[in-house]
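Please walk me through the structure below. I am interested in its ring pairs, its sheets and its backbone geometry.

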Amino acid sequence: MKRFLSISCLVACAAASHAAEFFDETKAVSVFAFDTVSIPYSQNLRLEMRTPEKPAGNPVLPRGAAGTPDAQGVQFYGSIIKENGKYRLWYVAFDDDKDNKVASSRWRAAYAESMDGVNWTKPNLGLVEYKGNKNNNLLAMGGGPWGFVNVKVLKDEADPDPARRYKMTTHVYFRGQRRLGTLLPFVSADGLTWKPVLDVKSVKAELKKEDVLLPAIHFEPSGGLYQWDGMFYACGQNALNATRPYQGRVTRMYRSADFVHWMPTQNVGFVREPQHEVLGAGRSLEGEQTHEGISVWNRRNVLLGVVGLWHGAKEWPDITIDLGFVVSNDGLNFREPAHEWTFIKRGEDGAWDQGGVLQGQGFENIGEETFVYYGAWDPRHWKEAPPRGGVGIAKLPRDRFGELVVETAGKGPGDYQLPEITSEFVTAAIPVKGGEHFFVNAAGLGPEAALKLELLSATETALAGYTSTVRQSGFQTPVVWDAGGADLPERIRVRVTFEGKRNTDIRFSALYLKPAT
């Protein structure tokens with residue numbers, strides 16, 4: 001049995017937490033409106049997904065001046081991590097030295113930082129020589145030079161070796177019968193000076209075939225890097241046949257327990273519905289496909305992801321790319337909350353992000369907003385290789401990716417009148433340790449529009465003393481139980497009912513279970 005904090009302590013702690021700016025939702029259990037695994041049961045509710053807004057001022061990290069390491073491109077197949085009040089950004093820099101015939105050597109790992117997530121600087125790291133000096137923001141990548149297509153970074157606080165605390169997966173090339181992409185992981189003590197996990201050296205900025213860690217096939221690990229259930233996952237795209245045939249690029253994941261030795265088998269993590277119609281050999285550019293895997297926001301009990309939506313054609317000048325939104329509860333299988341829904345659309349012609357947008361692993365809750373960072377690449381001009389990229393921001397209200405609202409179909413004048421039924425949902429059984437504080441992320445609440453929350457056992461028996469009515473809108477509105485303190489089972493469910501004369505105003509986005517410590 002689990003015992004919650006006394007009701008007086010719960011109220012005080014919840015009020016104190018609510019009074020603070022905001023707690024970090026990535027440390028809590030999150031039950032999102034769009035997650036049908038966390039919310040398997042509902043009635044008379046409808047999901048509405050929210051499209052982010054692109055603010056003026058994009059890109060917030062543009063290309064550099066002529067002659068700098070990123071004059072030709074800032075490619076945000078990168079990552080952002082917040083540490084000690086500072087936002088740290090890793091990306092790929094592409095120079096404008098067209099006289100350099102070693103193509104891969106023009107693509108390097110670079111670094112930027114910000115105090116507010118909007119205004120970014122490229123610090124002079126003094127680590128790597130470029131054009132006769134070290135006055136640049138390039139990262140020191142041991143064994144190189146390396147030609148990177150992507151860099152994905154995470155900080156592994158659990159690693160006992162401080163020299164391995166930062167981990168990076170990259171897309172590099174190796175030479176087989178042709179130039180092929182593959183995975184090369186790196187580790188670092190500070191996120192600035194790196195070394196490969198194995199003692200390997202580059203040849204013309206590429207990996208030797210005998211040093212490849214994965215099977216010697218073309219794999220583009222440009223999507224995401226994340227930890228789940230004791231394993232590291234490198235996510236990317238692969239167009240080779242799986243156990244079932246798919247058309248073109250699909251999302252695949254390789255895994256490792258130690259970040260050094262990677263399993264030879266892979267998982268197909270996401271396939272768009274149109275890809276089940278195989279168009280035939282020689283048509284790899286055509287059709288709707290996924291692009292470059294999934295960039296992942298690890299939300300403790302669930303993974304949120306952004307994936308490329310490749311709109312194929314016979315020739316490059318007709319290909320475009322948008323971004324979709326996916327979710328996973330097991331770290332392996334991703335799904336769309338809304339079928340074939342576009343999360344971030346490419347810009348109009350003439351915009352900095354025209355033609356195609358790229359998923360970066362940059363997700364931050366800053367104040368009352370969620371920032372989703374993304375990059376740009378116009379595939380229609382692939383062969384001409386014009387200057388590309390930058391880092392942009394798409395904004396949402398904080399953690400409001402999607403909302404459950406009361407279904408009103410059939411209730412208007414002249415409609416077939418449905419009988420009045422309760423608008424409610426019930427969560428899956430959630431493990432609790434004791435002392436969790438509950439918070440609601442919802443809008444439209446007030447005197448005539450309320451969310452009634454009830455704690456249930458795993459078999460849906462009401463638990464005495466655990467009922468609450470929330471009438472205050474907010475991103476982290478605390479739930480105060482009527483009379484808590486009784487013993488609770490190790491797993492509970494939550495029933496949430498949309499009540500009041502104006503319950504159609506309610507927009508529920510998320511429920512959080514924040515640990516006591």
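**Aromatic pairs, sheets and backbone geometry**

A search of the whole structure finds 29 aromatic pairs, where rings of Phe, Tyr and Trp (its six-membered ring) pair if their centres lie within 6.5 Å, and planes under 30 degrees apart count as stacked, over 60 as edge-to-face and the rest as tilted. The rings of tryptophan 146 and phenylalanine 186 have centres 6.3 Å apart and planes at 80 degrees, so this pair is edge-to-face. The pair links distant parts of the chain, 40 residues apart: tryptophan 146 is in the loop between S9 and S10, and phenylalanine 186 is in strand S12 (residues 179-188). Strands here (E, at least two residues) are DSSP runs, numbered from the N terminus. Tryptophan 146 and phenylalanine 186 are buried, a word that means under 20% relative accessible area, with exposed over 50% and partly exposed in between (1.4 Å probe, protein chains only).

The model is a predicted one, in which local features need pLDDT of at least 70 and side-chain atom pairs count only at pLDDT 80 or more, while totals for chains, interfaces and linings use all residues. Residues are numbered from 1 along each chain as its sequence is written, and side-chain values use heavy atoms, with hydrogens and water left out.

A second pair is formed by phenylalanine 325 and phenylalanine 401, whose ring centres are 5.2 Å apart with planes at 20 degrees, so the pair is stacked. Phenylalanine 325 lies in strand S22 and phenylalanine 401 in the loop between S27 and S28, so the pair ties together parts that are 76 residues apart in sequence. Both phenylalanine 325 and phenylalanine 401 are buried. They also belong to a cluster linked by ring pairs, made up of Phe32, Phe34, Trp297, Phe325, Trp341, Phe343, Phe363 and Phe401. Arginine 299 lies over the face of tryptophan 297, at 4.5 Å from the ring centre; the criterion is that NZ of Lys or CZ of Arg is within 6 Å of the ring centre and within 35 degrees of the ring normal. Lysine 167 likewise lies over the face of phenylalanine 259, at 6.0 Å from the ring centre.

Strands of a sheet pair through backbone hydrogen bonds, either parallel or antiparallel. Here four strands form an open sheet in the order S20-S21-S22-S23, with antiparallel pairing; two strands pair if DSSP finds at least two bridges between them. S20 and strand S23 (342-344) stand at the edges with a single partner strand each, so one side of each has no neighbour in the sheet. Neighbouring strands of this sheet are turned by 40 degrees against each other on average, direction ignored, with axes taken as lines fitted to C-alpha atoms and angles running from 0 to 180 degrees between N-to-C directions. Inside the sheet, nine bridges join strand S21 (residues 303-311) to strand S22 (residues 320-328), and valine 306 stands opposite phenylalanine 325.

What is its relative accessible area? The value is 3%, so histidine 291 is buried. Leaving out residues up to four places away in sequence, histidine 291 touches Tyr77, Gln237, Gly308, Trp310, Ile321, Leu358, Gln359 and Trp377, where contact means heavy atoms within 4.5 Å.

Strand S31 (residues 437-443) has seven of its seven residues buried. From S31, His437, Phe439, Asn441 and Ala443 point one way, and Phe438, Val440 and Ala442 point the other way. Seven bridges join S31 to strand S37 (residues 507-514) in the antiparallel sense, with histidine 437 opposite lysine 514. S31 also pairs antiparallel with strand S34 (residues 474-478) over three bridges, where valine 440 has threonine 477 as its bridge partner.

Most residues other than glycine have a negative phi, and most peptide bonds are trans. The peptide bond from asparagine 58 to proline 59 is cis, with omega near -5 degrees, and a cis bond also joins glycine 144 and proline 145, with omega about 15 degrees. Arginine 300, in the loop between S20 and S21, has a positive phi near 75 degrees and is partly exposed at 39% relative accessibility. Aspartate 399 has a positive phi of about 60 degrees and is buried, with a relative accessible area of 0%.
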